[in-house]
There are 2 protein chains.
Amino acid sequence: MTTERILEGLARRDPVALARAITLVENQHNGFERVLSHAHGLLGRGGTRRVGITGPPGAGKSTLTEALIQRFRARRLSVGVVAVDPTSPFTGGALLGDRIRMESGSLDPGVFIRSMATRGAQGGLATTTEEVADLLEAFGFERVLLETVGVGQTELDIARSAETTVLVLVPESGDGIQALKAGVMEIADIYVVNKSDRPGADKFRQEVEVMLGIRRGNAFRHISPHHPAPPRAGKGGGGRGRTGQGPADSQWEPPVLATAATTGTGVDELAAALDRHYAYLQASGTLAERRRQRLAARTRAVLERKLRRWLLEATRVEELLALRLDEVADGRRSPYDVAAEILDQVKAGEGGDATR
Amino acid sequence: MTTERILEGLARRDPVALARAITLVENQHNGFERVLSHAHGLLGRGGTRRVGITGPPGAGKSTLTEALIQRFRARRLSVGVVAVDPTSPFTGGALLGDRIRMESGSLDPGVFIRSMATRGAQGGLATTTEEVADLLEAFGFERVLLETVGVGQTELDIARSAETTVLVLVPESGDGIQALKAGVMEIADIYVVNKSDRPGADKFRQEVEVMLGIRRGNAFRHISPHHPAPPRAGKGGGGRGRTGQGPADSQWEPPVLATAATTGTGVDELAAALDRHYAYLQASGTLAERRRQRLAARTRAVLERKLRRWLLEATRVEELLALRLDEVADGRRSPYDVAAEILDQVKAGEGGDATR
C-alpha cells in the first residue's frame, strides 16, 4: 500500500489502512514521517486520553486492560491499545500468543489492539511507541492505552508518556515492592493491587500505601551531594513524580486501588480514578504544560533520528566502518581511532555526497 | 587535571588519576576519547575477567559483591567495581549512601569502587559503563565487577557486557520469577538465590531450576510467526542466552547456587562457578568470538556518538530547533515538518560550517 493510499484509507477511517500505517511507522519505512506529520494535525481534537499501564510480568495487566476496554465500551468510548511486549526469543511468542487471541477476539470496530515487539530498539522504542499512539489518537480513538511489561526504567518511561500512569502490582510482587522502596519504579499516578482476592492482598496494599506515605514525607527533606532535591516544577527529566508535575501537584495523592480483573472487582473504581486524575490535570493546568513539554521532546527526538539516518544512509559511513572492523577486532587499532578517522573523512567530503 | 596529566597519572597507577579519568569519561568532557583510546591499548594483557551482577533491588547484590571482593582479595587478586545506581530523586541518595560507605571502607589499594548514576542516560549508559570498565581493566584490576539494579531489559544488557553474567534473586522474588518465566530476564550464566537462610529459599531455588529446565527443553521447539527460533550461533542482538553463545554452547548448564552473603555461605561456590564459566568460555572459543563482537559493536557505538555530537555541536541545529519549538508547542507545525526543515538547512550548508 502506498503512502498515498494509506493516507486516503485513514481519512475513510479504514482499520486496514491504520494497521498498515502502524507497520510503516514501526519499521520506519519510506513515507512514515509523512503519515505521522499528517496524523499530528489531527491530534488533540477528539479529547483523546492516553493511559499508560505498567507492572511486572504476571501482574495481570492484559486482563485488567481487557476489563477497562469493556468499561469504556459500555460508555460507548472507542479504545486503541498499544501493547509493548518484551522480545524474548524463547517466550516472546507465548506472550504474543495471548495477545493475538485478545486481538482476534475483538471484532468490535470500536476496539483496536496492536502489539509491538521490543526487538533491540532501546532508545528509539519510546519514540516509536508514542508515534503509534499518535496514529491511534488521530484515527479517533477516545481512549488510548499503552501497556508495557517490566519493572525497569525503560518500561516505566514508555508508560509515562501517557497522561496518566497506572502501576499494577500483585500480592506476590516481592521485587516490585523493593523496586518501589528503592525508587526504581518512580511514582505513578494510580497504583493498583490486582488479584486482590488472593491471601495477603490487603496487607500488601497497606504496605504500598505506607511506602508511598514515607516517600511523600521524605520527598522534600532529601539532601544528597550527588542528587539535589528535586525542583517542585521540574522540566521532566528524571522524576516526573508527584514533585515534577507543577505547583498544583501536591493536590494529587496517588490512590492505591484493589482490583481482581478476572472477576471485574474494582475495575469501575479504577475507571473512576482515571477520570478524576484527568480532571485534576485539566484543572491544575498540568495537562497543557505537559503536552508542550512532550512536543518539544518529540521534535528533538525526531530531528536526532533524522540526522542519524541521513548520516548513515547518505554517507559511506557503513562501508568505511566495515573496512576497518577487522583491524579493531584484531586489536591493531582502537574503536576511537577508527571512529575519528571515519568522522574526518565524512567532514572532508570523502565520506560521500552528504557533505557536498 | 589536564588529559596529559591524567594519562601520566594512569601510567604511574595513581588512583586519583583513575578517578579523574572516570569522571572525564562519564561526562564526555574534552579528551575523554583520547584517554579511552590509550586505555584500549592496554586491554587484554593482565587476564582481567569481567563479571556482571544484576537482580532486583533488595536482593543483596552489594553485600554479595563485598563478599566476592573479599574472596578475590584472599587470592591476592585486585578488584575494580562499577556500580550503576538507578537515579531516583527520592532515594538515589540513599542507595549512593550505602555505596559511599562501601567505598570509603575500602582503604585497600587493591580495591576500587565507583558508582555511576543513571541520570537520563538511556541508550548511552551501556557504552559509558563499558568504557569505565575498560579504564579499570587498563589500570590493571584483575577482576572487574559491573553491578546493575533492576529486572528490566536495560539493566540486564549492561550486566551482559561482561564475560560472565550473574543474576541474583531472593526467596521473595515474586516478580523476578515471573520475569524469568516471561523471558524478560533473559538467560544469565550463573543464577544465585541469595538470603538462602530464609524460609522457602530451597523451594524457590528448585522453582528457578525447574524454570530453566523448561526453558532449556523448549528452546528449539519454539515456533512463532513474529519471533523465529533463535539461531544457534547468533550475532548477539536480542538473546545472548544459552542459544546465542555459539555451537559449543549447550555444554554450559547455568547453575543455580544458594548463598547467604551476610554470613558468607555459598560465596566460595560462587567464586568457583565464576572460574568454571571462564574456563568454559576459553575452552569453547566463545571468549575470543565474544570479544570480537563486542569490539565491533563498540566501534559502531563510538562512531554514532561522535557523528551525533559533531552534528549537534558543529552545526547550528540546536539554535534552529529553539527558534521553532514554540510553533510546535502551539500546534502550528508538526515535529516532522520542523525536523525536515532543519535537516534541509543542515544539508544545504545553512546549518553552519559542518557541511562546508
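How many helices and strands does the secondary structure of chain A come to? The secondary structure of chain A comprises 13 helices and seven strands, where helices (H or I, at least four residues) and strands (E, at least two) are DSSP runs numbered from the N terminus. The model is predicted, so that local features need pLDDT of at least 70 and side-chain atom pairs count only at pLDDT 80 or more, while totals for chains, interfaces and linings use all residues. Residues are numbered from 1 along each chain as its sequence is written, and chains are lettered from A and ligands numbered from 1 in the order in which they are written.

Of the 356 residues in chain A, 49% are buried; a residue is buried if 20 or more other C-beta atoms, placed from the backbone, lie within 10 Å of its own, exposed if 12 or fewer, and partly exposed in between. Among contacts in chain A with a separation of 6 or more, 72% are between residues 24 or more positions apart, a contact being a pair of residues whose C-beta atoms, placed from the backbone, lie within 7 Å.

In chain A, seven strands form an open sheet in the order 3-2-4-1-5-6-7, with parallel pairing. Two strands pair if DSSP finds at least two bridges between them. Strand 3 (111-117) and strand 7 (256-258) of chain A are the edge strands, each pairing on one side only. Neighbouring strands of this sheet are turned by 20° against each other on average, direction ignored; axes are lines fitted to C-alpha atoms, for helices over the stretch in contact, and angles run from 0 to 180 degrees between N-to-C directions. Strand 1 (residues 49-54) and strand 5 (residues 164-169) of chain A run parallel and are joined by four bridges, with Val51(A) opposite Thr164(A). Helix 4 (residues 61-74) of chain A lies across strand 1, strand 2 (79-85), strand 3, strand 4 (143-148) and strand 5, and runs at about 175° to strand 4 of chain A.

An automatic or database domain assignment divides chain A into domain 1 (1-41), domain 2 (42-285) and domain 3 (315-355). Twelve residues from domain 1 and 14 residues from domain 2 of chain A take part in the contact. On the domain 1 side, helix 2 (15-27) and helix 3 (32-40) of chain A are the elements that give two or more residues, and helix 2 has the largest share, six residues.

The largest nonpolar core has 172 residues, and Ala21(A), Leu135(A), Ala21(B) and Leu135(B) have the most contacts inside it. Such a core is a set of buried Ala, Val, Leu, Ile, Met, Phe, Trp, Tyr and Cys residues joined through C-beta atoms within 7 Å. Leaving aside neighbours within four places in sequence, Ala21(A) is in contact with Ile6(A), Leu10(A), Val35(A) and Leu135(A).

Chain B also has an open sheet of seven strands, with the order 3-2-4-1-5-6-7 and parallel pairing. Strand 5 (residues 164-169) and strand 6 (residues 190-193) of chain B pair in the parallel sense over four bridges. Across this pairing, Leu167(B) stands opposite Tyr191(B), and Val168(B) has Val192(B) as its bridge partner. Strand 6 of chain B also pairs in the parallel sense with strand 7 of chain B, over three bridges, and there Val192(B) is opposite Leu257(B). Ile190(B) and Val192(B) point one way from strand 6 of chain B, Tyr191(B) and Val193(B) point the other way, and all are buried.

Definitions and conventions. Two residues are in contact if their C-beta atoms, placed from the backbone, lie within 7 Å.
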